[in-house]
Amino acid sequence: MSLNDPKWGNRGGGDNRGGGDNQGPPDLEELWRDFNRRLSGMFGREPGRSGGSGGGDGGNRLPEFNFRQFGGGIGLIAAFGAVVWLASGFYIVDASQRGIVLQFGRFLEATEPGLRWRLPYPVQSHELVNLTGVRTVEIGYRGSERNKVLKEALMLTDDENIVNIQFAVQYVLKDPQQYLFNNRGADDSVIQAAETAVREIVGKSKMDFVLYEGREQVAANAQKLTQEILDRYATGIQVSKVTMQNAQPPEQVQAAFDDAVKAGQDRERQKNEGQAYANDVIPRARGAASRLLEEADAYKGRVVAQAEGDASRFKQILTEYSKAPEVTRQRMYIETMQQVLSSTSKVMVDAKGSGNLLYLPLDKLMQATAAAGLAPTADPAQAARPSVAPAAESSVTPPRADALSGEARTREATRNRDRGER
C-alpha cells in the first residue's frame with residue numbers, strides 16, 4: 001500500500017478498534033498510543049492522564065519511575081540472553097568429521113562425532129574437519145588439460161630433454177590438529193611437495209622411460225616421496241593416489257618427436273619381422289641337422305653291425321677250417337667260383353680233348369641265360385656247379401645254359417671251331 005494513500009493509518013475513516021473494516025494494516029497512531037501507555041506504566045504514570053490536565057500542581061509533576069517493574073524486565077531480558085548465549089555452544093559433529101575445540105584461539109581438545117557442547121564464544125570456539133572427503137590438487141594444469149601451467153609442467157630429464165608432465169594428487173586428512181595448526185596452506189603444501197617429488201624422479205630418469213614404459217612407476221614413486229615430504233612437515237595429510245594425466249614433449253618439438261617415434265616403431269616392426277623369419281628358418285635348419293645326425297648314426301650302426309657280422313662269420317669259417325682244412329678250402333673255392341661265374345658270360349671247353357668241331361646253340365644258350373638272370377633258380381649252387389669241368393677229362397663238358405652268358409659262349413665256340421679246322 002502506498003504511503004500517499006489517504007486511508008493510511010485511518011483505513012475506512014473510522015476507528016480500527018471499532019467494528020469497522022479490519023482488513024488493512026494496523027493503525028500507526030494506535031501503535032504509538034499503545035507504546036506511550038506502556039512506557040507511562042513503567043514510570044508509574046496512570047494511563048490516560050496527560051501532563052497538562054487536572055488541577056493543582058498536576059501539570060508540573062514529574063513522572064515517578066517504577067524500579068521494580070524496570071528491574072524485572074531487565075532481569076527477564078538478561079536471563080533470555082544468557083540462555084541464548086549458552087545455547088550457542090551446542091554443535092553437531094558428523095560421522096565423517098572431527099571437532100576441534102579452541103579456547104581463546106588455542107587448541108583445547110578434539111571431539112568425536114555426535115552432539116557436543118562447548119563454552120560459547122568468545123571463550124571457546126570450534127572447527128569441523130572432514131576426514132573422509134577426498135581432496136584433489138592439480139599440478140601442471142588447472143581444470144582442463146588444455147589450461148596448462150608451464151611453470152609447473154615443464155621438467156628436465158636425466159638425458160637433458162624437456163618433457164611436459166601434468167598430474168593430479170588426491171589426498172585425505174589423517175590428523176586434523178596437524179592439518180589446522182602446523183601449516184598455513186595445506187593445499188599449497190601438497191602442490192609444492194608433489195612438484196618437488198616429481199621433478200626429482202624425472203630428473204633421474206630418461207625421457208623415453210618417463211613418456212612410455214615408466215609412467216606408472218613414476219606415479220608410484222612420486223606418491224611415496226610426496227608422502228615422506230608431507231610427513232616430515234607434519235601436515236596431517238595422507239596421499240591416496242598420484243595420477244599422471246598427460247606426459248609429452250613440448251609443443252615446439254612435437255612434430256620432430258612424432259617423426260622419431262614413427263622411426264622407432266618402424267625399427268621395432270622390422271626387428272619383429274626379422275625375428276619371425278629367424279623363428280621360421282632356424283627350427284627347420286635344426287630339424288635338418290638332427291635328421292642328418294640321425295642318418296649318420298644309423299649308417300654308423302649299420303656299418304659297425306655289418307663289420308661285426310663279417311668278423312663273426314670269418315671266425316666261424318676259421319673254426320671250421322681248423323677242423324678240416326682241405327674240405328673247407330675246396331668248399332670255399334667252389335662257392336667262390338659259383339659266385340664269380342654266375343655273374344659272368346663264359347663257356348668252359350676242354351682244350352686237351354679231341355679237336356672235333358663242336359656245335360653249340362648259342363642263341364638258345366643266350367636266351368636261357370637271360371631268362372635265368374630275370375628269374376634265378378631256387379638252388380643257384382646246383383645250377384653253377386656243372387660249369388666247373390676238370391681239365392683231365394677228354395670230352396668237352398659245357399656248363400649249364402643258365403650259368404653262361406651269350407658273349408662268352410660265342411667266344412668259346414669260335415675258338416673251338418678254329419681248333420677243329422686245324
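## Basis of the model

Because the model is predicted, local features need pLDDT of at least 70 and side-chain atom pairs count only at pLDDT 80 or more, whereas totals for chains, interfaces and linings use all residues. Residues are numbered from 1 along each chain as its sequence is written, and side-chain values use heavy atoms, with hydrogens and water left out.

## Overall make-up

The protein has twelve helices and eleven strands, taken as DSSP runs numbered from the N terminus (helices H or I, at least four residues; strands E, at least two). Of its 422 residues, 23% are buried, where buried means under 20% relative accessible area, exposed over 50%, and partly exposed in between (1.4 Å probe, protein chains only).

Among contacts (heavy atoms within 4.5 Å) with a separation of 6 or more, 66% join residues 24 or more positions apart.

## Salt bridges

The whole structure holds 15 salt bridges, each defined as a side-chain nitrogen of Lys or Arg within 4 Å of a carboxyl oxygen of Asp or Glu. Two of them lie in helix α8: arginine 291 pairs with glutamate 295, with the closest N and O atoms 3.2 Å apart, and these residues, four apart in the helix (residues 254–323), are separated by about one helical turn. Arginine 313 pairs with aspartate 310 at 2.6 Å, and these two are three residues apart in helix α8.

Arginine 267 and glutamate 268 form another salt bridge, at 4.0 Å; arginine 267 is exposed at 53% relative accessible area, while glutamate 268 is partly exposed at 35%.
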